Amino acid sequence: MFKSVVYKEWIKTKWFLIILTFIGLLAVGNIFLKVQHNIAFNDANKYWYLILFQNHHYFKSLKFVPLFIGLLIALVQYVPEIMDKRIKLTFHLPINENKILMMMLGYGFITLLASYALMFFAFVGLSNQVLPTEIVQATISSITPWFLAGFAAYFLVALVVLEAIWKYRIAYFVAASAFMLFYFESSIPGGYNLINLKLILLTIAISISLSFSAYRFRKGEM
Amino acid sequence: MKKISRYILVFIAILATSVALPKLYWLAFEKPISRPFIMYSSLEHDFMIQRHENKQFHRTDTKGNTYTRDEFEQKLPLFYVRQLLISGIMPDTINGRAMDTHEIGKARSSYRFKSSYMIAPTPGLYPLFESESGRANLEMPEDFFRITDRMEFVRASENIISEKKSQMFTTVLNNRGFDFPAAMIAGIPTTRKSCDEGYIVVDNSNQMFHIKMVEAEPYVAKVEVPDGLTFKFIACVDFSDKKYYSYLISSDNEVYILTQDEYELIKLPIEGFIPEKEELRIYGNLFNYTVISRGTSSLKVIALDKEYNKVDEYTESWTKLSDTKAGKAASFIFPVELNLSNLNSSFIDFYFERTKGFNWLILNLLLMIAHFFIIRKTGLKPTKNLIDFAVIAVTGIFGFLAVNIFQNKFFD
Amino acid sequence: MSNVIECKNLTHYYGKKLVYENLNLSVKEGSILGLLGKNGAGKTTTINILHGFLQPREGECLIYGENTQHLSPITKSRIGFLIEGHVQYAFMDIHQIEKFYSGFYPKWNNKPYWELMSKLKVTPKQKISTMSCGQKSQVALGLILAQEPDLLILDDFSMGLDPGYRRLFIDYLRTYAKAENKTIFATSHIVQDMERLIDDVLIMDYNRVLAQSSINEFMTTFKQFNFKLGKTDIDLSKEDFVSNLEKSEDEIELFTYESESYVKNFLKNKNIPYTNFSEIKMGLEDAFIGLTGKY
């Protein structure tokens, strides 16, 4: 059964996943081309200085990339399910409704995780080549909320898309957007050190939020 | 699971609205609160106060005399020295001392401390300048140091450790009894300063060291710190008079200076300063220091003489934001305000600020009644929504919005 | 024979609007039941409750003894649902969708599916979204058949189909159901279709059930009598035995479960003059309209 679920989700998402991951890797590559360029033109020590003491965010072009990927993956995965209320087909399958939703969600989460992991490790790996641990650590702390935002966007878009009533869909969207701002406060490198763990917990907590709108659907709120 | 997911969503919505709604509210209704500018006049031996009210400046002293702008500036000749020179009214002598612009400039200092400088992530990696390079300008070194289980220099061009240099510094530090790793490293990591005095470093057992590099060799001096005295913040300064290396804030919120060469720690007579919440400014001139500690609704100004003795003191407070019209109205709406950033910290975090008093309980009650009718209208049973009522009772408008966005429908 | 579907005391409102109150219905194993009703009569509500997509205010529906709100996976695997409009995963082609569904059903038998698919003129890689309504319906039906369900719930199965396809669909379905002793619960907008398919009929009107019986019984006991009244000011529509009555001038179309002699006796006893009394032969559609009225 799990294989079938994965098969369907893969049919829906494969091209987007591949292309978006590729775009993500391009974004990472682009950052390090710029870093390379800056080091060549500014001297490495002056460039380090800019990062350490002048708040130079060499990674800032990465800010909305994971968000964009999470958002799009959620859309391509869940919009086909609500067209013609196809989600009914899912609920008719001989499997517990929550279980299959969690499988779909799990698929999305794991593929997103894989996509982000590629980007993240490419980024950290390249960072480690030219930058010291202190900078890399502060940078990881800064980009962590952006990747978390990607997951949060994925979970919340699933919630919004699966809600069948437009009025509520808009209300969820507004509430979700206000919440998403938490991940994008501007701050100095390392500024998210204290809140990252809390954001991780919140992101995990909202992972099951689509079961709310799915339940509403099953109880006739359409 | 659907119940849990609903409460999680309600919780998220409460968080989001308790950030967004107050933010929008203040954007719409906040009025600027003017804070006085106060400086000690070495001429009058009194504090000169400039207030900005109703788009006009009012300049007085503590006795109530009012001054024009020119008069005010003339009372503070050492602060407005450039203006007085341009106007040609700089006095030749002050307090019997002949005025020399070079001397005035050399004695001038200004320092500003903000809580967010102290409550901030540390870079962990610092440039150690050559203090006696024989060059007019300081140059950015090729490497940066960290003090972990030893003092390590990392060369930026290759991103590798300079072993020889690291060993040399580590050895000297070990010989001086340095206990690795460093707990605090304070310096001025910029080439834009008059000269380099290296770093003041606190080690793992609260010993204080002065570390610099002189002609490529380590210079390490241990600073004698009285027993039990520990510091939460050290700010190195680069003032022309070369009297001290740094301002230090001790764990018991006293402000010290560390003198140059003798490494003497002198406590400044500043009482009641709360570094976690207040801003501190220290202005020095030929005769005095003006020390201003400022909180959200009050400030305290202390005048010191050049031997750091208190000569005068002045306090003033003004209307708190929460006591303004908009603030009072807000206290009827929001039980709490949530912020992700805080003036007193460089960290992003959840900063809850509880509204003083319980005015908001009225609205909470009204919203509970409103919610009762909403539930009745949708044909649900109020008894099955007790948790929602409790949420509204506690979180008021935020909870009311949250439970109605993520409606409790059909849950049996 | 036991009941496969059993709905007891169903009551539902949309907001304050009553859909129906205390509705009871049942479907026997091996029978084919057609649910007829005008738009808004509660057909969709009933289907949604059976699908488990709507929780009724009161009462419950059981399928194989389980509440439709919480059907176990085993029971769900015994039910083939055809969703209104033959909705399927249109982003797949016929091979992908067969592969997808086969993973869920232990008794999966793809023979009837490929049999139906071989009659379609579609390319192997063609997405279902690009197919015609008739082709889509065949895909949806083929998938249900391959599932080997014991009960088929078909919602508005004839929607969007050409007459030929409709005939094909119905004949295939009836033959299949009878050969394998399947139970079918079907709704359709087109009442004619039902006549060829169903054994039992359930006719709903606003807030109530008008008729539930075998189609033979219904067609033989429900009658239409036309006659001319001698006087125009007589109102027969309130009489107990009259199910429905259409009147134009003095022409009367009277629908009733009573016999010709009963009606004639009634008129005679009440001293109501009439002429041209005749019984009209009805098809299911005529009977449906006769029972529910034209409006």
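Me: Where is C:N22 found in chain C?

Reply: This is a predicted model. C:N22 sits in strand β2 of chain C, which covers residues 17–28.

Me: Where is B:E215 found, and what is its phi?

Reply: B:E215 lies in the loop of chain B between β14 (208–214) and β15 (217–223). B:E215 is not a glycine, and its phi is positive, at about 50 degrees.

Me: Does B:E215 count as buried or exposed, and why?

Reply: Count the C-beta neighbours. B:E215 has 10 of them inside 10 Å, so it counts as exposed.

Me: Which residues of chain B does a cis peptide bond join?

Reply: The general idea again. Most peptide bonds are trans. Here a cis peptide bond links B:F180 to B:P181, with omega at about -5 degrees. B:P181 belongs to the loop between α6 (163–175) and β12 (182–187) of chain B.

Me: Where does B:G177 lie?

Reply: B:G177 lies in the loop between α6 and β12 of chain B. B:G177 counts as exposed because it has 12 C-beta neighbours inside 10 Å. Now look along the chain. B:G177 and B:K222 are 45 residues apart, and their C-alpha atoms are separated by 8.8 Å.

Me: Let us step back to the chain. How many helices and strands are there in chain B?

Reply: Chain B has 10 helices and 25 strands. Next, its spread. The globule rule gives 22 Å for 412 residues, but the radius of gyration of chain B is 28 Å, well over that, so chain B is more spread out than a compact globule. The C-alpha trace of chain B spans about 85 × 65 × 40 Å along its principal axes.

Me: What share of the residues of chain B count as buried?

Reply: Of its 412 residues, 32% count as buried. There is also a figure for contacts. Take those in chain B between residues at least 6 apart in sequence: 49% of them join residues at least 24 apart.

Me: Now chain A. At what angle do α5(A) and α6(A) pack?

Reply: The angle is about 160 degrees, and the axes are 11 Å apart. The two helices, α5(A) and α6(A), are therefore roughly antiparallel to each other. The crossing of α5(A) past α6(A) is right-handed.

Me: Which residues make the contact of α5(A) with α6(A)?

Reply: First, a general point. An α-helix has 3.6 residues a turn, so residues three or four places apart point the same way. Now the case here. From α5(A), the contact includes A:L105, A:G108, A:L112, A:Y116, A:F120 and A:V124. From α6(A), it includes A:V136, A:T139, A:I140, A:F147 and A:Y154. By class, this contact has 11 nonpolar, five polar and no charged residues.

Me: At what angle does α7(A) pack with α1(B)?

Reply: Helix α7 (residues 166–180) of chain A and helix α1 (residues 2–29) of chain B pack at about 70 degrees, their axes 8 Å apart. That makes α7(A) roughly perpendicular to α1(B). The crossing is left-handed. A:A175, A:A178 and A:F179 of α7(A) make the contact with residues of α1(B), including B:I12, B:A13, B:L15 and B:A16.

Me: Is α9(A) enclosed by the rest of the structure or exposed, and why?

Reply: Nine of its nine residues are buried, so α9(A) is largely enclosed by the rest of the structure. Among those buried residues of α9(A) are A:L210, A:F212, A:Y215 and A:R218.

Me: What covers the buried residues of α9(A)?

Reply: The cover includes α4 (87–92), α5 and α6 of chain A, together with α1 of chain B. Just after α9(A), A:G220 takes a positive phi of about 100 degrees.

How values were computed
Residues are numbered from 1 along each chain as its sequence is written. Chains are lettered from A and ligands numbered from 1 in the order in which they are written. This is a predicted model: local features need pLDDT of at least 70, side-chain atom pairs count only at pLDDT 80 or more; totals for chains, interfaces and linings use all residues. Axes are lines fitted to C-alpha atoms, for helices over the stretch in contact, and angles run from 0 to 180 degrees between N-to-C directions. Helices (H or I, at least four residues) and strands (E, at least two) are DSSP runs, numbered from the N terminus. Angles under 35 degrees count as roughly parallel, over 145 as roughly antiparallel, 65 to 115 as roughly perpendicular and the rest as oblique. A crossing is left-handed if the near helix is turned anticlockwise from the far one by less than a right angle, and right-handed if clockwise. Two residues are in contact if their C-beta atoms, placed from the backbone, lie within 7 Å. The radius of gyration is taken over C-alpha atoms; the globule rule is 2.2 Å times the number of residues to the power 0.38. A residue is buried if 20 or more other C-beta atoms lie within 10 Å of its own, exposed if 12 or fewer, and partly exposed in between; C-beta atoms are placed from the backbone. Ala, Val, Leu, Ile, Met, Phe, Trp, Tyr, Cys and Pro count as nonpolar, Asp, Glu, Lys and Arg as charged, and the others, Gly among them, as polar.
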